[in-house]
Amino acid sequence: KLVTQFENGITDDFTKKIEEKIKINNLQEYSHRTIFRLHQEIDSLNRRGNINLFIGMFLSLSGLAYLGFTVYTSNTYTSYEMLFIHLAPRTLFVIFIELFSFFFLNLYKKSLDDIKYYQNEITNLEAKYLSLDQSKQSGNFKLLANALETLNKTERNFILKKDETTIELEKSKIEVQGSNN
């Protein structure tokens, strides 16, 4: 009977340790998956941003090359009126192309801001997961409860109340005013 109790005690201890290890592994798996998803989004933003940068620069340089070519080949006109009639539509076309390229360059800038946001999110999550992991390993249940509470309070889709604002909203307002100007 003593051997059976000893075996049951060892089995129970072993089972508890395995269950604890599984819980830690699950936590680590979730944290790795979350961070991996964020890294995938950053890679996607990088690709899209580079494409937007390429399109914006190509359009901008094309517009400038077209304007340069037009000015270079327009030296055969004898009056300013004829020169104006010849250059005005081409100049407006180049301005349109430059505005179009500005749109793509703005998208590139926005993707850089989004990448910065996701990098900050990764840093925040890594810090929270590290805190949770360390409190679990220390066996301090008060710290563990605090770390879990912090993770549970994380809300990514919060709604602002009336007259509330964020830094991002204020930056967007300033950028819109700058673009309009």
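User: How many helices and strands does the secondary structure of the protein come to?
Analyst: The protein has four helices and zero strands, where helices (H or I, at least four residues) and strands (E, at least two) are DSSP runs numbered from the N terminus. This is a predicted model, in which local features need pLDDT of at least 70 and side-chain atom pairs count only at pLDDT 80 or more, while totals for chains, interfaces and linings use all residues. Residues are numbered from 1 along each chain as its sequence is written, and side-chain values use heavy atoms, with hydrogens and water left out.

User: Where does α2 bend?
Analyst: The bend is at Leu87 and comes to about 30 degrees, taken as the angle between axes fitted to the seven residues ending there and the seven starting there. A proline, Pro89, follows within four residues.

User: What follows just after α2?
Analyst: Gly139 stands there, with a positive phi of about 80 degrees.

User: Why is Met82 called partly exposed?
Analyst: Buried means under 20% relative accessible area and exposed over 50%, with partly exposed in between (1.4 Å probe, protein chains only). Met82 has 43%, and is therefore partly exposed. This residue is found in helix α2.

User: How much of the protein counts as buried?
Analyst: Of its 181 residues, 18% count as buried.
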